[in-house]
Amino acid sequence: MSEIKVPDLGESISEGTIYKWLVKEGDTVGQGDVLAELETDKVNLEISAEEDGVISSILRQAGENVAVGEAIGIIGSGASVGASQPQAAAAAVEGAASGSAQAEPAASVSAAAPAAAPEGPVAAGDSSAALASPGARKLARERGIDLGEVSARDPIGRIGQADVKEHGAAAPAAAAPTAPAPQGKPELAKPAAGKAQLPEDGKSVERKRMSRRRLTIASRLVEAQQTAAMLTTFNEVDMTAILDIRKRRKDDFKEKHEVGLGFMSFFTKAVIGALKAYPMLNAEIDGEDLVLKKFYDIGIAVAAKEGLVVPVVRDADRLSFPQIERQIGELASKARSNTLSLSELQGGTFTITNGGVFGSLLSTPILNTPQVGILGMHKIQLRPIALDEERMANRPMMYIALSYDHRIVDGSEAVSFLVKIKELLEDPESLLLEG
């Protein structure tokens, strides 16, 4: 027998939420089989079996918060689990057929028990409760269901959570008495997550519990707004030169490097060049200290199903264009399939986010704290541009935005940083010289 425990989740993460169980009580599992999926603040992790056996008990259910090292289930040996259930069933049948000497104590216990299921341990004479799984007993207590009234689908009579849920759904809504309503305006009961609510005006709504990741995103965004002196400055970039290079080189680039030539490699290189010229944007505040970073780990914001994540391209200044494109593509694919590791999300010195892929023309990105700068890319749009006093031309233009922490970055420095990015992007050959 062994416990199914929450594994070490990595630096700064002490708890998670059980996202879903992939097995149920009574299932036979082998060493290495995935048993459950755990949702953390950053990624979802799989919990695997450490030995062969049978799932004898599931202690914590989907949606519950659990701490690192906590036992959430038990794996028993196949022989012991298989033998214990028939023995328990036989004992229950034998007890039901026994004489009055055993029936009377059982009856007295039943008579003394309240209408709802007891909060403490089940009585020894309650054979139905004895055959119920821990999860079923817990669910019955929560819903006030008498396990003696629940029908089991299991051949040996063991009651599972599904049996309790099915019984609860079939039971009349008025089974449990309610206290009389107080005088005055009645208070609407808070509906359960996922249940439709009918307000007084008759319009229906749906209440859903926020995922742990969405709660973390919300908390971090509010924290960034409250702790940083955040400002945003804007500029625009003529994308003619970059579009021309991509048009002329994309086929050869793809054939040689087996990866497409996108915009992100150009912007990553331009950001690195600007960070080298204005290192305050590559710093962070630690208490009363200013930490200037001499490396360039660039976070690339990716929209995933569970919410925005920011995987990090490590030492991006040492990577070539195809290496940057390949890493960004791999990280984005992992983000969308929810297979990123914690190490791929931790750290980062500066972030780039691209709202243009969704059609955004202009926005003010929020800092990815503790970083002090984030660059926002936007949609490329043809606009009439004055080339000189006499000539106009339609050019593919992109607005770019830099949000920065004014506590350590001055306005002049932020504006100059954005101008440097504009210059590098409008003269892509200079990106090679910037290294």
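Reader: Which residue in S19 stands opposite Asn-354?

Author: The model is predicted: local features need pLDDT of at least 70, side-chain atom pairs count only at pLDDT 80 or more, and totals for chains, interfaces and linings use all residues. Residues are numbered from 1 along each chain as its sequence is written, and side-chain values use heavy atoms, without hydrogens or water. S18 and S19 (residues 373-377) run parallel, joined by 4 bridges; DSSP must find at least two for strands to pair. The residue opposite Asn-354 is Met-377.

Reader: How many residues of strand S18 are buried?

Author: Strands are DSSP runs of E, at least two residues; helices are runs of H or I, at least four, and both are numbered from the N terminus. Buried means under 20% relative accessible area, exposed over 50%, partly exposed in between (1.4 Å probe, protein chains only). S18 spans residues 350-354 and is mostly covered, with a buried count of 4 of 5.

Reader: Within what arc do the buried residues of H10 fall?

Author: The buried residues of H10 include Phe-417, Leu-418 and Ile-421. The arc is taken from the directions from the helix axis to the C-beta atoms. The buried residues line one face of H10, because they fall within an arc of 135°.

Reader: What is the angle between the planes of Phe-350 and Phe-417?

Author: Phe, Tyr and Trp rings (for Trp, the six-membered one) pair with centres within 6.5 Å; planes under 30 degrees apart are stacked, over 60 edge-to-face, the rest tilted. Phe-350 is buried at 0% relative accessible area, and Phe-417 is buried at 0% too. Their pair is tilted, 5.6 Å centre to centre, with a plane angle of 45°.

Reader: How many residues apart are Phe-350 and Phe-417?

Author: Phe-350 lies in strand S18 and Phe-417 in helix H10. The pair links distant parts of the chain, and the separation in residues is 67.
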